[in-house]
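Here's a quick write-up to read alongside the model. Have the sequence and the 3D view open as you go.

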Amino acid sequence: MATVLVASNRGPVSYKLGEDGSLTPRRGGGGLVSGLSAVSADDSQESLWVCAALGEGDREAVRRGVGEPGVRMLDIPPEVYADAYNGIANSVLWFLHHHLYDISREPVFDAEFRRRWESYRAYNRAFAEALAAEAADGAAVLVQDYHLALVPGMLRDLRPDLRIAHFTHTPWGSPDYLRMLPDDVREELLWGMLGADELGFHTWPWAMAFVAGASMDSERGVAQGLSPTGDPWRGVEHLRYGVGKGRTRVRAYPLGVDAEELRSLAHRPEVDEKLAALRAEIGDRRTIVRVDRTELSKNILRGLLAYRELLTTHPEWRDRVVHLASAYPSRQDLESYRSYTAAVRTLAEEINTEFGTADWQPVLVSVQDDFPRSLAAYRLADVALVNPVRDGMNLVAKEIPVVSEAGCALVLSREAGAYTELRDDALTVNPFDVSETAEALHTALSMSPSERSDRTKRLAAAATALPPQRWFLAQLEALQD
Ligand code: G6P
């Protein structure tokens with residue numbers, strides 16, 4: 001039986017099914033992987049990661065009994081999974097937490113929504129039951145993200161002895177936004193979360209949004225006895241939250257990056273090759289770098305509009321700068337994501353047609369999963385553009401200053417979680433204000449090398465304050481305390 005368990009939709013490994021029937025594992029990285037590896041090194045603890053089988057390869061692996069030690073994949077019926085992941089998690093909860101709806105048309109909570117919500121509940125129940133079956137007496141369970149918001153409450157009912165934490169990697173939607181959900185669904189969601197002993201968020205503003213929303217529902221019996229104190233930007237030690245089923249502690253754990261690991265990845269031979277190719281293409285021009293998933297909340301379109309405005313209002317930068325935009329294809333099952341990706345390509349082409357010359361292409365967009373190319377772009381960056389409309393943390397804002405070779409100026413949205421820690425040394429912008437962003441790009445490109453280098457050092461120090469392993473262990477200690 002496991003003493004430390006992690007639950008997340010996407011696990012540390014996934015399998016690709018070849019045409020010849022072979023299964024090839026692909027391993028991921030990140031905070032949970034390095035946190036659990038520290039737990040596995042401790043003989044007194046046994047860890048288990050419970051995740052969903054995401055595609056045909058993973059399902060086949062479950063059927064054949066192929067897997068990694070310490071990982072249990074749940075084979076949820078594909079239609080239930082699709083409704084829970086695409087139909088609720090990514091098109092309702094993600095949209096609410098990132099304020100992405102065009103509210104003149106969406107959301108629509110009808111019978112179809114109710115059917116999907118049933119699937120979301122079934123998918124959460126599958127996790128809760130698996131965790132209840134695998135956990136040792138009094139074990140610590142760390143549940144991740146909006147996909148699994150109901151798990152803490154369900155698990156608390158099944159196994160009152162467990163210590164349960166939930167961490168939200170996204171922002172938390174403002175109370176007015178969350179109030180669009182049907183009342184019973186919103187209550188179920190809040191009660192699900194409040195089944196946890198500990199609720200973690202990347203920053204205090206998201207933690208406070210959760211608390212404010214739950215308090216607005218206090219007349220419906222969700223929350224009582226709330227007493228937030230301290231400065232919401234700089235943080236308070238924690239909030240204690242008095243609720244019917246117990247007491248939940250709400251805290252911020254701002255995830256940072258592991259400088260040593262990142263720098264060693266950034267200096268591997270395949271990255272050196274990509275760097276040489278990019279240098280050959282860009283010459284001695286300046287670079288503005290951005291790296292995102294093809295994600296609505298990342299604000300890639302307004303970023304391109306700002307770049308276009310820069311080239312118009314500051315023509316002195318024409319032919320002296322290249323905008324490198326890398327976008328990893330993401331959630332392409334959703335029509336809105338496919339059309340967003342197409343719109344990014346179209347706008348980049350328009351800018352290239354408008355300003356490009358025989359030997360200067362103003363924007364280089366790469367829509368592919370190419371981490372070595374992104375690392376090469378990080379090394380080359382003179383300016384990093386991170387302008388999401390709303391973002392839980394945004395680790396790119398923390399990675400680029402750590403890896404950039406000459407020091408880079410960071411243009412950063414004030415709506416990114418990373419703003420809380422990086423705002424003193426970044427050029428901060430309102431992500432909706434294209435003109436302000438264009439001016440910030442100009443200021444960033446004009447910054448003296450010494451100022452850039454000083455700021456980058458301080459940004460890198462802030463970015464590495466709570467590296468992944470310590471981020472994970474801090475939550476585990478709080479839970480086991
Ligand atoms: C965000 C979420 C993660 C998610 C990731 C990639 O960072 O907080 O939980 O795994 O996006 O999205 P995907 O849908 O591909 O897992």
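This is a predicted model: local features need pLDDT of at least 70, side-chain atom pairs count only at pLDDT 80 or more; totals for chains, interfaces and linings use all residues.

Residues are numbered from 1 along each chain as its sequence is written.

Confidence first. The mean pLDDT (the predictor's confidence in each residue, from 0 to 100) is 93 for the protein, and 94% of its residues reach 70 or more. Over residues 227-238, though, the pLDDT is below 50, and beyond near neighbours in sequence this stretch has 17 contacts in the model. Two residues count as in contact if their C-beta atoms, placed from the backbone, lie within 7 Å. The model scores are ipTM 0.99 and pTM 0.95.

Now the overall build. The protein has 18 helices and 16 strands, taken as DSSP runs numbered from the N terminus (helices: H or I, at least four residues; strands: E, at least two). Its radius of gyration, taken over C-alpha atoms, is 23 Å, close to the 23 Å from the globule rule (2.2 Å times the number of residues to the power 0.38) for 481 residues, so the protein is as compact as a globular protein of that length. Along its principal axes, the C-alpha trace spans about 65 × 55 × 45 Å. Residues 24 or more positions apart make up 75% of the contacts with a separation of 6 or more.

Finally, take a look at helix α12. It runs over residues 335-355, 21 residues in total, and reaches 31 Å from first C-alpha to last, close to the 30 Å expected (1.5 Å times one less than its number of residues). Which residues of α12 are buried? They are Thr341, Val344, Leu347, Ala348 and Ile351, where buried means 20 or more other C-beta atoms within 10 Å of a residue's own, exposed means 12 or fewer, and partly exposed is in between, with C-beta atoms placed from the backbone. Seen down the axis of α12, the buried residues fall within an arc of 125 degrees, so they line one face of the helix; the arc is that of the directions from the helix axis to the C-beta atoms. Their cover includes α11 (300-313), β12 (321-328) and β13 (363-367). On the other side of α12, the exposed residues include Glu335, Ser339 and Thr346.
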